[in-house]
Amino acid sequence: MKPWLMVWGAVFVCSWGGNQFSPLLLMYEQRAHYSSVLVTVFLGVYVLGLAPALLVAGSLSDRHGRRPLMLIGIASAVVGSGLLALGPLGPGFLMAGRLFAGVTVGIAMAVGNSWVKELSQGRFDPGADVASGARRASLAFTLGSASGALVAGLIAQWGPIPEVLPFLVHIAVALPFAVVVWRTPETQTSGGVAGPWWRQLGIPSAGHRRFTRVVLVAAPWVFGSAAIGYGYLPTRLTGATGTWGLVFATAATVVALGVSSAVQPLAKRVHSVTSARGLATAVLLMTVGIAVVTVAIVQQSVWIGLAANVVIGAGIGIALVSALLEVQRIAGPRDLAGLTGVFYAVAYAGFLAPAVIAAVAQVVALPVVLWVVVALGLVSWVAVLVSSRRHIPA
């Protein structure tokens, strides 16, 4: 087995753990009788574990190596799913489980993606092209996320003990990868930045104007659109889906992430080294997708909802590949993992969108709130276009 594929599998199972909760939101709202605001908080709370992990794990792996941090990620995945399996005992276990799931995904995105990139070049994979690492890393995330949602959703709809079994399945899938990661070649042996360990947390390239004016502008829409499309939308279509609500929630997730996976091999053609064409296209697609979500809610249409997730999925696929290519070009030789972590930290902040929307919708009509979100997406698209050909790294 090629070394990059071993880490690819580890990122896959970590992403599985991060997204297996998404199609279950409707189950917790209907069967456990949690409020819609609390349910969306369950979805977004893992950002509190994810953001610090993204910002710290990547930089620490630049100093101590990729393997130790990825082993911590696998351990966090097992602990997180174990806590989620205890969810029937109370919402506190769900909160804690989601927090550990966030740590898991944060490590996988910052450390795992960088490790895949490093194993997709040089002596580890001489035949790979310069974009192989970004494509492989983003594909591991989307396929893992889709698989987790699919398995959890199907079990929740038709399987036994749906509040427990999906998480036990994930534990069984994740545990063997501790051995796989242990046997994967280490690529980061430089020791990082000299001096106290906290100096390693500095990320010089995070201030690059290309990063702040293009990549970070697009970043929140990646998972903001995902959370709205397959996290929030199913909870607003319960009148149309009836007893098939969990099936629709699962289908919406799998459609969005399946389309995202399918377009990623083509995303290289949309991406440009002379402009931000890839990210501009992605932001526009994700914004249009949120607009279609709004129409689906107003019309209470399942089919329009699925169409919205097709558009959102296409935008996510292009955004992930193009953003990672931009990050890899901007990052210095010692802060690739750190800069990758910053990008994902901002991107995953988008998962807080449903909680904010649900809270504001208590006092403002939901369609109005969503149209404001669409307007903000268009503003971001214009901002990316304005800086599209500026501050390009040598």
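1. Asn-19 is in contact (heavy atoms within 4.5 Å) with Ser-145, Ala-149, Tyr-230, Thr-253 and Leu-257, leaving aside neighbours within four places in sequence. The residue belongs to helix α1, residues 3-19; helices (H or I, at least four residues) are DSSP runs, numbered from the N terminus. Asn-19 has a relative accessible area of 3% and is therefore buried. Buried means under 20% relative accessible area, exposed over 50%, and partly exposed in between, with a 1.4 Å probe and protein chains only.

2. On the basis of the values: the model is predicted, local features need pLDDT of at least 70, side-chain atom pairs count only at pLDDT 80 or more, and totals for chains, interfaces and linings use all residues. Residues are numbered from 1 along each chain as its sequence is written, and side-chain values use heavy atoms, with hydrogens and water left out.

3. The salt bridges come to 5, a salt bridge being a side-chain nitrogen of Lys or Arg within 4 Å of a carboxyl oxygen of Asp or Glu. One of them joins the side chains of Asp-125 and Lys-2, at 3.8 Å from N to O. This pair links distant parts of the chain, 123 residues apart: Lys-2 is in the segment before α1, and Asp-125 is in the loop between α6 (91-119) and α7 (132-158). Asp-125 is buried, at 5% relative accessible area, whereas Lys-2 is partly exposed, at 46%.

4. Asp-125 also forms a salt bridge with Arg-136, with 2.7 Å between the closest N and O atoms. Here the partners are 11 residues apart, Arg-136 being in helix α7 and Asp-125 in the loop between α6 and α7. Arg-136 has a relative accessible area of 18% and so counts as buried.

5. Because Glu-326 lies in helix α14 and Arg-210 in helix α10, the pair ties together parts that are 116 residues apart in sequence. Glu-326 is buried, at 0% relative accessibility, and Arg-210 is buried with a relative accessible area of 0%.

6. The largest pocket has a volume of about 320 Å³. A pocket is an open set of points, on a 1 Å grid over the protein atoms alone, where a 1.4 Å probe fits, with protein on both sides within 12 Å along at least five of seven lines; lining residues have an atom within 4 Å of a point. Points are joined across faces, edges and corners, and the volume is the space filled by probe spheres set on them. Its lining has 16 residues, of which Val-130, Ala-131, Val-273, Leu-325 and Gln-328 lie nearest the centre of the pocket. Helix α14 (residues 302-330) gives the most to this lining, with 4 residues.

7. By class, the lining of the largest pocket has 5 nonpolar, 6 polar and 5 charged residues. Ala, Val, Leu, Ile, Met, Phe, Trp, Tyr, Cys and Pro count as nonpolar, Asp, Glu, Lys and Arg as charged, and the others, Gly among them, as polar.

8. The second largest pocket holds about 220 Å³ of space. Of its 13 lining residues, Trp-221, Ile-228, Ala-353, Val-373 and Leu-376 are the closest to its centre. At least two lining residues come from each of α10 (209-236), α16 (353-360) and α17 (366-386), and α10 gives the most, with 5 residues. The lining of the second largest pocket divides into 10 nonpolar, 3 polar and no charged residues.
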